[in-house]
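Me: I'm new to this one. Could you pick a single part, take a close look at it, and then show me how the rest is arranged around it?

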Amino acid sequence: MKKDLYIDFDSTIVNSDKAITKIYNNKYKDYEGFELAIWQDHKNWAYKEICPLVHIHEEHPSEVIKDYFSSNEFFEYLEFYENAKDVIKELVNKYNVIICTSAFPMNAARKVLWIEEHIPEIDEIIVLINKSSHGYGKARVPMMEEDSIFIDDHPQNLYSTKASSKYLFKLSSTDYNNNWDGPIFSSWKQIGQTLL
Ligand SMILES: [Mg+2]
């Protein structure tokens, strides 16, 4: 029997930060004080450091960032991390691969359609809608079987489930991913080498 392998979507399979900074750079490039947002410098779920003009010009910056995550541009700009698509295509032969993602009401359906269009090999998707979540919120998925594997870029999501093998996907240090002393993946190549 195949083992269950749960994988987060944003900032684990796809480079959501790159899409968000592209939207920001297009929108604010002519504003006073603009500096190009570099996705590799992402540290904070509300993009405070790298998208500061949202926080200066918008009354509710975190709502605006959520709107970015739901926009046409976001799904247009969204890219897989290097090797992610190829490794997932191989993982589905060995595991029941389930994408487990937090979403907002406005982007949930689009996210599922994006997954269906780009990785139709994925058969199961768990979408958690939590309107007040700040980039995490999987505490309601304790049904992850003990004998399963879970990969997520947010330690709090990993801590909240019973999966027996948990891996943090970590490309760089942020203000939310340092409280993890379990195993870390820093590339999809490494995920393939370990799990295939
Ligand atoms: Mg994530």
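Reply: First, a word on terms: helices (DSSP states H or I, at least four residues) and strands (E, at least two) are DSSP runs, numbered from the N terminus. By that count the protein chain has eight helices and six strands. What you're looking at is a predicted model, where local features need pLDDT of at least 70, side-chain atom pairs count only at pLDDT 80 or more, and totals for chains, interfaces and linings use all residues. Residues are numbered from 1 along each chain as its sequence is written.

Let's take the sheet as our part. Its six strands form an open sheet, and they line up as β3-β2-β1-β4-β5-β6 with parallel pairing (two strands pair if DSSP finds at least two bridges between them). β3 (124-129) and β6 are at the edges with a single partner strand each, so one side of each has no neighbour in the sheet.

Start at the β3 end. Strand β2 (residues 95-103) runs parallel to β3, and six bridges join the two. On that pair, Thr101 sits opposite Val127 of β3. Helix α5 (residues 84-94) packs on the sheet, where it touches β1 (3-7) and β2, and its direction makes about 125 degrees with that of β2. Helix α6 (residues 108-118) lies across β2 and β3 and runs at about 160 degrees to β3. (For such angles, axes are lines fitted to C-alpha atoms, for helices over the stretch in contact, and the angle between N-to-C directions runs from 0 to 180 degrees.)

Phe185 belongs to strand β6 (residues 184-185). Phe185 counts as buried because it has 20 C-beta neighbours inside 10 Å (buried takes 20 or more other C-beta atoms within 10 Å, exposed 12 or fewer, partly exposed anything in between, with C-beta atoms placed from the backbone). Skipping its neighbours within four places in sequence, Phe185 is in contact with Ile151, Tyr167, Phe169, Gln190 and Ile191 (contact means that the C-beta atoms, placed from the backbone, lie within 7 Å). Leu168 is 17 residues from Phe185 in sequence, while their C-alpha atoms are 6.1 Å apart in space.

Next, step back to the whole chain. Along the sequence, the order of elements is β-α-α-α-α-α-β-α-β-β-α-β-β-α. The chain splits into domain 1 (3-13 + 80-195) and domain 2 (16-77), with bounds that come from an automatic or database domain assignment. The C-alpha centres of the two domains lie 23 Å apart. Where they meet, 13 residues of domain 1 are in contact with eleven residues of domain 2. On the domain 1 side, the touching residues are four nonpolar, six polar and three charged.

With 17 other C-beta atoms within 10 Å, Asn25 is partly exposed. Leaving out residues up to four places away in sequence, Asn25 touches Leu36 and Ala37. Asn25 and Ile13 are twelve residues apart along the chain, and 23 Å separates their C-alpha atoms.

Finally, some overall numbers. The C-alpha trace spans about 60 × 35 × 30 Å along its principal axes. Buried residues make up 34% of the 196 in the chain. Among contacts with a separation of 6 or more, 56% come from residues 24 or more positions apart.

How values were computed: Contact = placed C-beta atoms within 7 Å. Nonpolar A, V, L, I, M, F, W, Y, C, P; charged D, E, K, R; others polar.
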